[in-house]
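Subject: Structure handover

Hello,

Here is the structure I promised to pass on. Please open it first, then read my notes below.

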Amino acid sequence: MDEETIHMRLGFVGAGRMGRPMVDRLVQAGHDVHVLGRSPESRTALADSGAVVHATLADVAADADVVLVCVFTDGQVRQVCVDDGLLAAMRPGATLVVHTTCNPRTVEGLAEHAARHSVSVTDAAVSGGPHDIAAGRLTILVGGDEAAFDAARPALSAYGDPVLHVGPLGHGQRVKLVNNAVFTANIGLLSAAVDLGKQLGVDEATLLSALPHGSAASRALLGVAGKGSVAAFFDSVGEFVRKDIAVVRSVTADLGTDLGVLDTVIPADS
């Protein structure tokens with residue numbers, strides 16, 4: 001059966017900057033979407049989108065085939081999934097999808113807890129922004145076994161293209177952390193390039209209007225050019241970049257290594 005024709009009952013937690021357009025796409029794809037709404041304003045907006053809005057995690061999880069979590073930090077993932085009882089409320093055989101970029105050990109720990117409830121876990125780190133979700137072209141990096149990946153894919157395909165299975169549980173996070181280290185290093189390189197341009201008498205605006213058309217082009221450069229300066233772009237992504245770089249530094253330190261040459265160009269305030 002084509003995955004676009006599979007309609008599932010889904011739970012969703014974390015309908016914020018990234019999560020809200022995910023909910024919209026899931027509803028548009030024909031899924032039965034049950035979402036946590038904490039404030040009256042968010043509950044009204046989510047209900048208007050066609051989602052079924054609940055005030056408790058237990059109601060969100062009830063009878064769901066897949067529950068997707070899109071909160072911000074490791075601590076929030078553990079709070080929602082373990083401390084507040086989301087996993088305990090999920091039906092046996094269901095699949096938990098974690099979109100949050102976090103330490104791979106966080107999702108591996110969740111899997112141990114989920115196994116007690118016969119629930120599968122996948123980590124589905126994302127690359128892109130709300131505009132990519134709305135267009136259905138978010139890159140999704142999924143870690144987990146084949147069965148869990150297959151269970152989650154019809155939901156993820158509502159807003160993801162490509163949806164890539166990159167290995168066992170935790171590997172979605174590992175690939176995303178490498179991706180974000182390279183992305184942030186690119187920002188640092190662009191800052192150095194702007195400084196070089198100034199030394200050569202080329203102002204930043206001129207440089208940024210020209211470089212995207214040459215072999216120096218990258219997704220980071222397109223973002224910088226769109227914002228008009230390296231500083232403006234970093235201001236727009238800094239909150240997310242700093243969190244993810246802190247995670248990858250922690251993970252590599254635990255392994256007794258570091259980011260190598262990437263760390264020499266990552267901006268100092270990352």
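Asp32 counts as partly exposed, because its relative accessibility is 33%. Please keep in mind that this is a predicted model. The side chain of Asp32 meets that of Arg9 in a salt bridge, at 3.9 Å from N to O. Arg9 sits in strand β1, residues 9–13, and Asp32 in strand β2, so this pair ties together parts 23 residues apart in sequence. Arg9 also counts as partly exposed, at 23% relative accessibility.

More on charge pairs. Side chains of opposite charge can pair when their charged atoms come close. How many salt bridges does a search of the whole structure find? It finds ten. Here are two others to look at.

- Arg20 and Asp24: their side chains meet in a salt bridge of 3.1 Å, N to O. Both are in helix α1, four residues apart, so about one helical turn separates them. Arg20 is partly exposed, with 25% relative accessibility.
- Arg174 and Glu108: the closest N and O atoms of this salt bridge are 3.1 Å apart. Arg174 belongs to helix α9 and Glu108 to helix α6 (residues 104–115), so the pair ties together parts 66 residues apart in sequence. Arg174 is partly exposed, with a relative accessible area of 33%. Glu108 counts as partly exposed too, at 27% relative accessibility.

Next, the residue His31. It is found in the loop between α1 and β2, the latter spanning 32–36. Is His31 buried or exposed? It counts as buried, because its relative accessibility is 7%, and the cut-off for buried is under 20%. Leaving aside neighbours within four places in sequence, His31 is in contact with Ile6, His7, Met8, Leu10, Leu26, Pro154 and Ala155.

Leu26 leads on to the nonpolar cores. The largest nonpolar core has 29 residues. Which of them touch the most other members? They are Leu26, Leu68, Ile140, Leu156 and Tyr159. At least two residues of this core come from each of β1, α1, β2, β4 (66–69), β6, β7 and α8 (146–156). Beyond four places in sequence, the contacts of Leu26 are Leu10, Phe12, His31, Val33, Leu68, Ala155, Ala158 and Tyr159. Another core lies apart from the largest one. That other core has 25 residues, including Leu57, Val71, Val98 and Val119.

Last, the empty space. Rolling a probe the size of a water molecule over the atoms shows where empty space is left. The largest pocket has a volume of about 1100 Å³. Its lining is made of 41 residues. Arg17, Met18, Gly128, Gly129 and Phe240 lie nearest the centre of the pocket. Several elements give two or more residues to this lining: α1 (19–28), β6 (120–127), α7 (130–135), β7 (138–143), α9 (171–199), α11 (219–227) and α12 (230–254). Which element gives the largest share? That is α12, with eight residues. By type, the lining residues divide into 15 nonpolar, 18 polar and eight charged.

Go on to the buried His31. From there, step to Leu26, one of its contacts. Finish at the largest pocket, with Phe240 among the residues nearest its centre.

Best wishes

Terms used:
Residues are numbered from 1 along each chain as its sequence is written. This is a predicted model: local features need pLDDT of at least 70, side-chain atom pairs count only at pLDDT 80 or more; totals for chains, interfaces and linings use all residues. Side-chain values use heavy atoms; hydrogens and water are left out. On a 1 Å grid over the protein atoms alone, a cavity is a set of points where a 1.4 Å probe fits but cannot get out, and a pocket is an open set with protein on both sides within 12 Å along at least five of seven lines; lining residues have an atom within 4 Å of a point. Grid points are joined across faces, edges and corners, and a volume is the space filled by probe spheres set on the points. Ala, Val, Leu, Ile, Met, Phe, Trp, Tyr, Cys and Pro count as nonpolar, Asp, Glu, Lys and Arg as charged, and the others, Gly among them, as polar. Buried means under 20% relative accessible area, exposed over 50%, partly exposed in between (1.4 Å probe, protein chains only). Contact means heavy atoms within 4.5 Å. A salt bridge is a side-chain nitrogen of Lys or Arg within 4 Å of a carboxyl oxygen of Asp or Glu. A nonpolar core is a set of buried Ala, Val, Leu, Ile, Met, Phe, Trp, Tyr and Cys residues joined through side-chain atoms within 4.5 Å.
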